[in-house]
Amino acid sequence: MLAIKGGERVRVEPFPSWPVWGREEEEALLAALRSGVWGRGGQLTQRLGEVFASYIGSRFGVPCMNGTTALKVALRASGVGPGDKVITTPYTFVATSSVIVELGAVPIYVDIVEGGVNIDLSLVAERVDGDVKAILPVHVGGHPVDIDVINSISREHCVSVIEDAAEAHGSEWRGRRVGSSSTAGCFSFQSSKVVTSGEGGLITTNDEAVASLCSSLIDCGRTPDKDWYENDILGYNYRMSEFQAAILLEQMKRLDSQIERRQQNFTLLSKLCEELEGFSVIKPPPGASRTCHYLVMLRVEAELFRGVPKRRIVEALRAEGIPASAGWPVPLYRYPPLARYLEHKGVRSDPDAFPNTEAAAATHIFIHHRVLLGGYKEVEDVFKALRKVEKNRDEL
Ligand SMILES: Cc1ncc(COP(=O)(O)O)c(C=O)c1O
């Protein structure tokens with residue numbers, strides 16, 4: 001019997017907890033405290049920018065307050081402003097679009113690929129017109145977007161590419177890390193992310209002018225050549241603190257081994273799940289040479305579950321002890337505040353134009369990456385819970 005109906009749970013003990021930390025983080029935090037420099041001008045934030053940029057393979061790294069502000073600042077630094085259009089995906093966290101709106105620009109949505117999670121690049125070029133200033137793809141769950149194609153669209157049409165890499169630290173497309181070759185990459189260090197300090201963000205870029213402008217925008221518009229209160233541009237205080245940087249510098253040292261473990265366990269889980277008919281594991285696209293697996297993303301085969309709502313299936317998995325979620329059940333063009341904004345701007349986004357996004361929103365289930373940080377038993381328990389829910393679906 002399913003646990004949701006009073007049966008025994010598949011997984012009783014907790015999965016590995018997240019975040020992972022140790023003495024290294026404790027000592028780094030204490031050292032930051034004792035330095036007496038907790039904010040602007042600290043060495044740790046500057047060091048983090050260098051360390052992270054070098055890890056990604058980009059020239060500059062600008063730490064900031066969170067992933068949302070990273071996106072907003074990078075868009076603004078690439079010239080996006082009121083009335084401009086930004087081509088993006090409707091299948092993402094709301095921040096990817098809210099920053100476009102905050103700048104007075106308009107999100108132009110393009111469907112995602114069939115069977116996957118990322119924007120369909122074959123549809124992007126045809127949407128570029130004179131008002132489009134930037135393309136904003138998202139590496140969903142750590143699955144990398146084809147960077148080569150997006151950069152060639154960018155070159156051909158003279159538009160910027162700002163990558164939302166909030167979920168993709170260390171993911172690679174054909175050997176190149178995401179965030180290393182476009183106008184800018186934007187990362188998040190929010191609590192659930194694969195590198196975290198509770199909150200935090202960072203912009204990577206190879207363009208010195210973009211890096212300088214981002215650094216200025218997050219620091220109230222200040223520039224090295226001007227006096228403290230003599231700024232030419234209006235910026236924000238989106239600075240990162242030294243405490244966040246202290247933790248992140250230690251967390252970065254854990255990233256590669258954690259990615260390796262997640263990759264191994266993802267391969268194992270995918271193999272085990274091959275025998276299931278009710279769930280399929282969504283695999284990274286073939287050009288993905290490395291995936292950080294921020295999320296395990298599954299598709300519910302709706303026909304087998306005959307009308308059982310996705311939410312009910314998620315509840316059943318949770319009752320079995322699996323930390324599953326319903327993902328993003330509402331595509332952003334239907335998200336009420338964005339839908340109202342689009343209507344106000346006279347942009348029509350008919351759900352019929354987004355069959356793959358609609359299917360994804362209706363059928364995808366997400367599981368947090370910490371389930372991949374254990375051993376065989378943890379992976380097997382995820383599989384067993386899926387198999388049990390599939391087998392006993394009539395109880396739902
Ligand atoms: C795809 C995506 N974009 C943007 C963000 C925003 O990042 P933050 O929460 O650090 O502001 C997140 C995470 O929350 C995200 O998952």
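Two residues are in contact if their C-beta atoms, placed from the backbone, lie within 7 Å. The views below show a predicted model.

**View 1. Helix H11 and the elements that cover its buried residues**. H11 comprises residues 376-391. Its 16 residues reach 22 Å from the first C-alpha to the last, close to the 22 Å expected at 1.5 Å a residue. Buried in H11 are Glu-378, Val-379, Asp-381, Val-382, Phe-383, Ala-385, Leu-386, Lys-388 and Val-389. The cover over these buried residues includes H7, strand E10 (279-281), helix H8 (310-319) and strand E14 (364-368).

**View 2. Phe-15 and its contacts**. Phe-15 sits in the segment before H1. Leaving aside neighbours within four places in sequence, Phe-15 is in contact with Pro-323, Arg-370, Val-371, Gly-374 and Glu-378. Of these, Glu-378 is one of the buried residues of H11. Phe-15 itself has 19 other C-beta atoms within 10 Å and is partly exposed, because a residue counts as buried at 20 or more. Between the C-alpha atoms of Phe-15 and Ala-339, which are 324 residues apart along the chain, the separation is 38 Å.

**View 3. Helix H2 and its buried face**. The 14 residues of H2 (residues 43-56) should span 20 Å at 1.5 Å a residue, and the end C-alpha atoms are 20 Å apart, in agreement. The buried residues of H2 are Leu-44, Thr-45, Leu-48, Gly-49, Phe-52, Ala-53 and Ile-56. Viewed down the helix axis, these residues fall within an arc of 165°, so they line one face of H2. Exposed residues Gln-43, Glu-50 and Ser-54 are carried on the face turned away from the buried side. Among the elements covering the buried residues of H2 are helix H1 (23-35), strand E1 (60-64), strand E7 (176-177), E8, E9 and helix H7 (242-273). After H2 comes Gly-57, with a positive phi near 95°.

**View 4. Strand E8 between its pairing partners E5 and E9**. In E8 (residues 184-188), 5 of 5 residues are buried. Ala-184, Cys-186 and Ser-188 point one way from the strand, while Gly-185 and Phe-187 point the other way. E8 pairs with strand E5 (residues 160-164) in the parallel sense over 3 bridges, and Cys-186 in E8 has Asp-164 opposite it. With strand E9 (residues 201-205) the pairing is antiparallel, over 4 bridges; here Phe-187 stands opposite Leu-202.

**View 5. The shell around the ligand**. The shell holds 14 residues, of which Asn-66, Gly-67, Thr-68, Ala-166 and Ser-188 come nearest to the ligand. Helix H3 (67-77) and helix H4 (95-102) are the elements that give two or more residues to this shell. By type, the shell residues divide into 4 nonpolar, 8 polar and 2 charged. Ser-188 is also one of the buried residues of E8.

View 6. Cys-158 is exposed, with 9 other C-beta atoms within 10 Å. With 13 other C-beta atoms within 10 Å, Arg-174 is partly exposed.

Definitions and conventions
Residues numbered from 1 in each chain as written. Predicted model: local features only at pLDDT ≥ 70, side-chain atom pairs only at ≥ 80, totals over all residues. Near = placed C-beta within 6 Å. Nonpolar A, V, L, I, M, F, W, Y, C, P; charged D, E, K, R; others polar. Buried ≥ 20, exposed ≤ 12 C-beta atoms within 10 Å, placed from the backbone. Pairing = 2+ DSSP bridges. Expected span 1.5 Å × (residues − 1). Arc of directions from axis to C-beta.
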